[in-house]
Amino acid sequence: MVAAVRVHKYGGPEVLTYEDIELPPPGQGQVRVKHHASGVNFIDTYFRSGLYPSPLGLPFVAGNEGAGEVLALGPGVTDLKVGDRVGYVVALGAYAAERNLAADRAVKLPDSIDYEQAAGMMLKGMTVQYLLNRTFKVGKGMNVLVHAAAGGVGLILCQWANYLGANVIGTVGSPQKAELAKANGCHHTILYAKEDFVAKVKEITGGQQCEVVYDGIGKTTFPASLDCLKPLGMFVSFGAASGPVSAFDINLLQHKGSLFATRPTLNTYAAKRADLLDIAADLFRVVASGKVKIPVNQKYPLKDAAKAHSDLETRKTTGSSILIP
């Protein structure tokens with residue numbers, strides 16, 4: 001038996017149940033991983049609430065990101081060995097002391113990356129890698145708007161976009177979060193609850209607007225985000241912290257400057273193992289260089305997963321949050 005946090009019915013943080021579960025030996029192509037830390041992300045709340053239906057049905061072990069050591073190998077596994085340090089992102093199963101995992105989704109961690117860093121960055125950091133380098137290739141001198149700049153993805157995105165030479169503009173919810181964003185590569189901050197972020201973006205850019213907007217907020221920032229883009233700019237909707245963007249008239253993109261819009265996911269960009277390894281390697285490289293740091297600002301015992309979700313959803317967190325078994 002191993003400790004785990006399961007969801008037996010969809011709902012709020014209170015449906016996260018700490019309990020012991022049976023864990024069979026790893027199957028064909030699987031490894032058994034002993035977690036040292038598990039990441040907490042907004043996507044975890046989407047599965048918990050039922051916004052994203054569980055692909056495993058109910059009940060399921062929550063969590064999409066973790067880091068630990070390989071305890072056992074299932075039949076057919078050749079790329080990993082017992083004792084390897086690994087990190088991963090997969091749908092569900094991370095909120096547990098141990099788990100079985102498809103070996104082709106596990107990435108070996110370099111010595112320069114510790115378990116807590118890995119658990120705080122595999123999903124968020126690899127997301128930032130593809131957002132900045134694959135979905136839209138950010139370059140020197142570009143104006144980039146990052147919503148929720150002091151959040152888990154936001155702090156990494158601001159640092160990395162700054163490293164690439166962009167002029168980074170971030171929206172935040174408080175003066176304290178503004179200072180945190182500025183300390184992590186954000187050149188300009190906008191208090192979206194008190195300021196009109198569209199008007200501020202125009203002011204900051206001298207009317208030039210942005211090449212790209214990275215929006216993990218969703219409902220409350222759309223369609224205003226489109227008004228921050230210059231003609232032919234790209235709106236990248238990668239999350240829905242305030243609720244999903246509802247269906248909209250595609251002619252909006254024409255009227256606002258022949259804009260592009262996309263709703264990408266890491267699962268698509270990293271579906272092939274070669275791409276997964278390339279994305280992870282680039283993340284490990286930039287973190288090891290010191291150009292991007294991974295702020296793990298909240299740590300909770302595994303049994304307190306419900307509090308971690310509550311804090312995340314009520315905007316009490318900054319940077320990355322992790323659970324410790």
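Author: L80 counts as buried because its relative accessibility is 7%, where buried means under 20% relative accessible area, exposed over 50%, and partly exposed in between, with a 1.4 Å probe and protein chains only. The model is predicted, so local features need pLDDT of at least 70 and side-chain atom pairs count only at pLDDT 80 or more, while totals for chains, interfaces and linings use all residues. Residues are numbered from 1 along each chain as its sequence is written, and side-chain values use heavy atoms, with hydrogens and water left out.

L80 sits in the loop between strand 5 (65–73) and strand 6 (85–89); helices (H or I, at least four residues) and strands (E, at least two) are DSSP runs, numbered from the N terminus. Leaving aside residues up to four places away in sequence, L80 touches V31, L73, V86, A103, A106 and K108, a contact being heavy atoms within 4.5 Å.

As for the wider setting, nonpolar side chains in soluble globular proteins tend to be buried together. In this model the largest nonpolar core has 53 residues, and M126, L157 and Y214 have the most contacts inside it. Such a core is a set of buried Ala, Val, Leu, Ile, Met, Phe, Trp, Tyr and Cys residues joined through side-chain atoms within 4.5 Å. Elements giving two or more residues to this core include helix 2 (115–135), helix 3 (152–163) and strand 12 (210–215). Helix 2 provides the largest share, 11 residues. Not counting residues up to four places away in sequence, L157 touches V128, L131, L132, V146 and Y214. Another core, of 23 residues, lies apart from the largest one, and among its members are V5, L92, Y95 and Y300.

The axes of helix 2 and helix 3 come within 9 Å and cross at roughly 45°; axes are lines fitted to C-alpha atoms over the stretch in contact, and angles run from 0 to 180 degrees between N-to-C directions. The two helices are therefore oblique to each other, since angles under 35 degrees count as roughly parallel, over 145 as roughly antiparallel, 65 to 115 as roughly perpendicular and the rest as oblique. Residues making this contact include V128 and L132 of helix 2 and I156 and L157 of helix 3.
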